[in-house]
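This briefing covers a protein pair and its DNA strands.

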2 protein chains.
Amino acid sequence: MSLELAQRLKASGIQPSAQRLAVAEYVLTTEDHPSADQVLAQVQARLPMVSRATVYNTLHTFVASGLLRQLVLAEGRVVFDPKLEPHHHFVDDETGEIEDVPWSAVQVGDVSRLKAYDVREYMVVMRGTRRGPRKAKKSAPETKPSPKPGKT
Amino acid sequence: MSLELAQRLKASGIQPSAQRLAVAEYVLTTEDHPSADQVLAQVQARLPMVSRATVYNTLHTFVASGLLRQLVLAEGRVVFDPKLEPHHHFVDDETGEIEDVPWSAVQVGDVSRLKAYDVREYMVVMRGTRRGPRKAKKSAPETKPSPKPGKT
DNA sequence: TCAACTTCTAGATTATGTCTAAAGCCGTCA
DNA sequence: TGACGGCTTTAGACATAATCTAGAAGTTGA
């Protein structure tokens, strides 16, 4: 996994380093939408000497080179999303958790007919409560419940 | 105007006070999407002794009783929107300004077919750049329809 | 007037993010 | 080898937004 990640970083013009790989290992493979603080905690669990500035720098580097998207959806939290394809988002009212919603699940009319704006990107943001049980989720990347082949 | 506002507050179960009316006067009538800090500044221009805590408390009270919506759209800013009808939002990449987009301007498919979620509200969030001149905007509710000077 | 209650205030505190200056690491070249 | 230069990392100071707290001030009704 780390080897492939190093390749990805290089391919994006980012010099891999131990710290950057540690950040990448978590943030580019998670299905969560972690905040910078969560990333810091996860990374420090492996490499305790990683400083806050490094994590912020690295996240910004990743965002700048397109490996990561930065989302502002929930109160007071900037979160990062490694899923690069367009998709919508659902925010759970109770837990604040953010979940991806496939692009095809919600049809949106043609936004380009809004003559006043040149729309670069758009998404539907839904808020409410989840029905039924929560998807199994790893809050710490120890166990791998499913190999998740759906990554295209 | 203030009288009507006092009625609205009472109708929402909020005891009107000088401070609360001052906040309401600005935030419930503006067409901007002000941040808490902007509200504080505007209110203090009229009632200089209003403390920050009061503004925050009042804004939260308004949100809790549904007079105001709280939006998290742009980085590091929680903004308030007195427009209660459903509508979409456009965020200007360059200026960070938020603009309302009429509900009818963008068609969205039926979100209730998402069985996994009980969607309370949703909106389309668009990002990009504005075409053409900015709409005239009053930043203070006095009778002064002068356009905003070109400041960020 | 008094007591109970609500509201408001200043300032401390917390949370999040940025900046800075120094140190570390690593490949290169004499 | 060892000095050099460039990039990366670090700890901690700084900045800012938001919240909390404890007491003061105001309001209400008898």
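**DNA contacts and chain pairing**

α4(A) gives the largest share of the surface near DNA strand C, four residues. Near means that a heavy atom of the residue lies within 4 Å of the molecule or strand. Helices (H or I, at least four residues) and strands (E, at least two) are DSSP runs, numbered from the N terminus. This is a predicted model, in which local features need pLDDT of at least 70, side-chain atom pairs count only at pLDDT 80 or more, and totals for chains, interfaces and linings use all residues. Residues are numbered from 1 along each chain as its sequence is written, chains are lettered from A and ligands numbered from 1 in the order in which they are written, and side-chain values use heavy atoms, with hydrogens and water left out.

**DNA strand C**

- DNA strand C is surrounded by 16 residues, and the closest are Tyr56(A), His60(A), Ser17(B), Met49(B) and Thr54(B).
- Of the atoms of DNA strand C that come within 4 Å of the protein, 79% belong to sugar and phosphate.
- The side chain of Tyr56(A) has an N or O atom 2.7 Å from a phosphate oxygen of DNA strand C; a polar contact is a pair of N or O atoms within 3.5 Å, and within protein one must be able to donate a hydrogen and the other to accept it, while residues adjacent in sequence count only if both atoms are side-chain atoms.
- From chain B, Arg20(B) places a polar side-chain atom 3.2 Å from a phosphate oxygen of DNA strand C.
- A base is also reached: an N or O atom in the side chain of Arg52(A) is 3.5 Å from a base nitrogen of DNA strand C.
- Two or more residues of the surface near DNA strand C come from each of α3 (36-46) and α4 (52-64) of chain A and α2 (18-27) and α4 (52-64) of chain B.
- By class, this surface near DNA strand C has seven nonpolar, six polar and three charged residues; Ala, Val, Leu, Ile, Met, Phe, Trp, Tyr, Cys and Pro count as nonpolar, Asp, Glu, Lys and Arg as charged, and the others, Gly among them, as polar.

**DNA strand D**

- Around DNA strand D there are 15 residues, of which Ser17(A), Met49(A), Thr54(A), Tyr56(B) and His60(B) come nearest.
- Sugar or phosphate accounts for 82% of the atoms of DNA strand D within 4 Å of the protein, and bases for the rest.
- Backbone N or O atoms of chain A approach phosphate oxygens of DNA strand D at 2.9 Å from Met49(A) and at 3.2 Å from Ser51(A).
- In chain B, a side-chain N or O atom of His60(B) is 3.4 Å from a phosphate oxygen of DNA strand D.
- The largest share of the surface near DNA strand D, four residues, is given by α4(B).
- The residues of the surface near DNA strand D divide into seven nonpolar, six polar and two charged.

**Chain A with chain B**

- Chain A gives 38 residues to the contact and chain B gives 36.
- About 3,100 Å² is buried between chain A and chain B, 50% of it on carbon and sulfur atoms; buried area is the accessible area (1.4 Å probe) that two parts lose on being put together, summed over both.
- The interface of chain A and chain B holds six salt bridges, each a side-chain nitrogen of Lys or Arg within 4 Å of a carboxyl oxygen of Asp or Glu.
- Arg131(B) and Asp118(A) form a salt bridge through their side chains (3.8 Å, N to O).

Notes: Contact = heavy atoms within 4.5 Å.
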